[in-house]
Amino acid sequence: LSMRAINTRRVVCIRKRVASCVSVRRSYSLRSALVVGVNKYQVGPLRVAVNDAVVMSERLERIGFKVTKVLDPTKEQLTSKINKFAEARANDDLGLFYFAGHGIEEHRENQLLTANTGEKNHPVT
């Protein structure tokens, strides 16, 4: 999944640091987060990405975020969730996207890998 695909109104991308989201100003009418964790890869499965996503979800909820959690999604599921998440943002809302899983850089573009990424499935772009 291309990181450019989620660069819409006030959608913030972070990696694995909760501290990055704690400093968010509190004046937004709605703070929501899409939190994704992928362990079940066909090649190179992970052990803790889903756990990281669950912990991040809990921490974001504690500081007032409405969280949508997506675990081990396929390319189609993740694309759909991201599109719905981005479309649901109003001008005065804050959206945060968190991804725990594999990613690659291809042609100077970062891409996220989903559970069904394999030799015949390309990353979500």
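Reply: Start with the length of helix α3 (residues 75–87). Its 13 residues, at 1.5 Å a residue, should span 18 Å, and the end C-alpha atoms are 18 Å apart, which agrees. The expected span is 1.5 Å times one less than the number of residues. Helices here are DSSP runs of H or I with at least four residues; strands are runs of E with at least two; both are numbered from the N terminus.

This is a predicted model, where local features need pLDDT of at least 70, side-chain atom pairs count only at pLDDT 80 or more, and totals for chains, interfaces and linings use all residues. Residues are numbered from 1 along each chain as its sequence is written, and side-chain values use heavy atoms, with hydrogens and water left out.

Now the faces of the helix. Leu 78, Ile 82, Phe 85 and Ala 86 are buried in α3. They cover an arc of only 95° around the axis, which puts them on the same side of α3. That arc is taken from the directions from the helix axis to the C-beta atoms. An α-helix has 3.6 residues a turn, so residues three or four places apart point the same way. On the other side of α3, Glu 76, Lys 84 and Glu 87 are exposed. Buried means under 20% relative accessible area, exposed over 50%, and partly exposed in between (1.4 Å probe, protein chains only).

Then the setting. The protein has 3 helices and 6 strands. From the N terminus, the elements run β-α-β-α-β-α-β-β-β. Of its 125 residues, 42% count as buried.
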